[in-house]
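Visitor: I would like a close look at one part of this model, taken slowly and with its surroundings.

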Amino acid sequence: MRAALAEARAAADAGEAPIGAVLVGADGNVLAAAGNAPIIGHDPTAHAEIRALRAAAAQLGNYRLPGTTLYVTLEPCAMCAGAISHARVSRLVIAASDPKGGAVWHGPKFFDQPTCHWRPEVEQGAFADEAGQILKDFFKARR
């Protein structure tokens, strides 16, 4: 999660919403790490989770990523939850919850839907306060 927080800080430094994601393989090695980049990339899908999944899939030559763990600094949105499901990520570790835009514990509760074909193990991870504070500081500075 510390690496995901570093990605979130780097995204904030680049003017992006400070959200980070790190995908780790079953062997414990980092497969990919990314921060949010929709503004820089002119890509509305360039959320940290999507970018990490894409990088790992390209590296492994497979769009399915079984046995992996995805660490994220903020509860994923519906788009990212869908991608996590399609990629068959085994475990999702979330630092901060997102009552406004999250789709795992809030909103549509994506993985609880009967149309969801793959459900990762989901857990609350460490550093929720730190991840939340990074977001609060970022948006406070922009208001």
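Which residues in the largest nonpolar core touch the most other members?

Guide: This is a predicted model, and within it the largest nonpolar core comprises 35 residues, of which L23, L70 and L92 touch the most other members. Two or more residues are given to this core by each of helix 1, strand 1, strand 2, helix 2 (48–60), strand 3 (69–74), helix 3 (78–87), strand 4 (91–96) and helix 4. In soluble globular proteins, nonpolar side chains tend to be buried together.

V22 has A33 of strand 2 as its bridge partner, while the hairpin that the two strands form leaves five residues between them, with G28 in the turn at a positive phi of about 90 degrees.

Two contributing helices also pack against each other: helix 1 (residues 2–13) and helix 4 (residues 128–141) lie with their axes 11 Å apart at an angle of about 5 degrees, which means that helix 1 is roughly parallel to helix 4. Helix 1 brings L5, R9 and A12 to the contact, and helix 4 brings E130, A131, I134 and F138; of these residues five are nonpolar, two are charged and none is polar.

How values were computed:
Residues are numbered from 1 along each chain as its sequence is written. This is a predicted model: local features need pLDDT of at least 70, side-chain atom pairs count only at pLDDT 80 or more; totals for chains, interfaces and linings use all residues. Side-chain values use heavy atoms; hydrogens and water are left out. Two strands pair if DSSP finds at least two bridges between them. Helices (H or I, at least four residues) and strands (E, at least two) are DSSP runs, numbered from the N terminus. Axes are lines fitted to C-alpha atoms, for helices over the stretch in contact, and angles run from 0 to 180 degrees between N-to-C directions. Angles under 35 degrees count as roughly parallel, over 145 as roughly antiparallel, 65 to 115 as roughly perpendicular and the rest as oblique. Contact means heavy atoms within 4.5 Å. Ala, Val, Leu, Ile, Met, Phe, Trp, Tyr, Cys and Pro count as nonpolar, Asp, Glu, Lys and Arg as charged, and the others, Gly among them, as polar. A nonpolar core is a set of buried Ala, Val, Leu, Ile, Met, Phe, Trp, Tyr and Cys residues joined through side-chain atoms within 4.5 Å. Buried means under 20% relative accessible area, exposed over 50%, partly exposed in between (1.4 Å probe, protein chains only).
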